[in-house]
Amino acid sequence: MNDSASAARQRLIVALDLADPARARTLATLLAPEVGMFKVGKQLFVNSGPDIVRMIHDLGGEVFLDLKFHDIPNTVAAAAVEATRLGVKLFNIHVSGGREMMRQTAEAVEEVCGKEGLRRPSVLGVTVLTSLDASDLESMGVQGAVAAHVVRLAGMAREAGLAGVVCSAQEVRDIRNACGDSFMLVTPGIRPAGQQAGDQKRVMTPGEAVRAGIDHIVVGRPITGADDPVEAARAVVAEMSAAEG
Ligand code: C5P
């Protein structure tokens with residue numbers, strides 16, 4: 001595999017949004033050699049527990065634990081320590097939990113890694129859920145454009161020591177400009193060229209996402225629901241690889 005294909009493969013995170021842990025295992029086994037990471041979200045984690053993360057690690061895969069922690073600083077920092085001990089590569093917390101929550105979390109991760117000799121995961125912030133629009137924000141007392149609020153929250157995440165944020169394709173350029181090149185941007189809502197958007201409203205193709213400057217894309221159903229998931233994953237990687245130039 002050449003350098004741009006291997007870089008493209010590392011960028012691809014497959015969302016295992018599945019009710020059936022056996023199906024998740026089958027897909028992870030098939031896809032582990034093809035993709036950079038698997039996203040384990042609330043559904044799979046609640047039905048399978050930390051064993052699903054260990055299973056993916058046993059297959060040689062990496063995990064983005066998408067549990068979007070949001071609580072008082074002490075509680076989120078303690079959950080972050082456990083995510084770190086599980087060995088996940090990425091996990092996320094809500095920026096709206098506040099500066100102190102993010103700061104204590106980043107610090108707790110750093111500390112447990114030092115003490116226990118663990119690999120340091122990247123902690124990502126969740127800014128504004130894409131299910132919320134300007135009128136939802138207004139009813140919570142936040143005035144102005146959603147995009148401006150997203151960029152403000154991304155800046156707070158960076159200042160508090162987070163590695164990056166999960167963001168929509170439309171927000172990538174503004175956040176990149178505000179937060180710099182080393183800030184990690186992870187983007188769902190990706191649809192391979194020529195595919196139906198389904199319930200995703202604002203989509204980007206894998207090639208467009210790479211050209212826009214994302215670090216990782218999250219792709220679920222276009223791969224997990226494909227007749228041949230390996231072929232579908234390879235097509236996404238090839239599309240990104242071509243865009244890496
Ligand atoms: O199947 P699909 O490719 O739409 O899956 C995208 C994944 O990214 C899902 O796990 C979804 O919950 C997640 N996600 C998203 N939009 C966001 C945040 C997360 O689609 N704004």
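**Close-up views of a predicted model**

**Figure 1. Residues surrounding the ligand.** In this predicted model, the shell around the ligand consists of Ala 15, Asp 17, Lys 39, Thr 130, Pro 188, Arg 191, Gln 200, Val 218, Val 219, Gly 220, Arg 221 and Pro 222. By residue class, this shell comprises five nonpolar, three polar and four charged residues.

Figure 2. The side chain of Thr 130 places an N or O atom 2.6 Å from a nitrogen atom of the ligand. The ligand, taken alone, exposes 460 Å², of which the protein buries 78%.

Figure 3. The ligand is located in the largest pocket. Two elements each contribute two or more residues to the shell around the ligand, namely strand S8, spanning 216–219, and helix H11, spanning 221–224.

Figure 4. Val 81 belongs to helix H5, which covers residues 73–86. The relative accessible area of Val 81 is 14%, and this residue is therefore classed as buried, the cut-off being under 20%. Val 81 and Glu 107 are 26 residues apart along the chain, and a distance of 9.9 Å separates their C-alpha atoms.

Note on methods. Residues are numbered from 1 along each chain as its sequence is written. This is a predicted model: local features need pLDDT of at least 70, side-chain atom pairs count only at pLDDT 80 or more; totals for chains, interfaces and linings use all residues. Side-chain values use heavy atoms; hydrogens and water are left out. A residue is near a molecule or strand if one of its heavy atoms lies within 4 Å of it. A polar contact is a pair of N or O atoms within 3.5 Å; within protein, one must be able to donate a hydrogen and the other to accept it, and residues adjacent in sequence count only if both atoms are side-chain atoms. Accessible areas come from the Shrake-Rupley method with a 1.4 Å probe; for residues, only the protein chains shown count as cover. On a 1 Å grid over the protein atoms alone, a cavity is a set of points where a 1.4 Å probe fits but cannot get out, and a pocket is an open set with protein on both sides within 12 Å along at least five of seven lines; lining residues have an atom within 4 Å of a point. A molecule sits in a cavity or pocket if more than half of its atoms lie within 2 Å of its grid points. Helices (H or I, at least four residues) and strands (E, at least two) are DSSP runs, numbered from the N terminus. Ala, Val, Leu, Ile, Met, Phe, Trp, Tyr, Cys and Pro count as nonpolar, Asp, Glu, Lys and Arg as charged, and the others, Gly among them, as polar. Buried means under 20% relative accessible area, exposed over 50%, partly exposed in between (1.4 Å probe, protein chains only).
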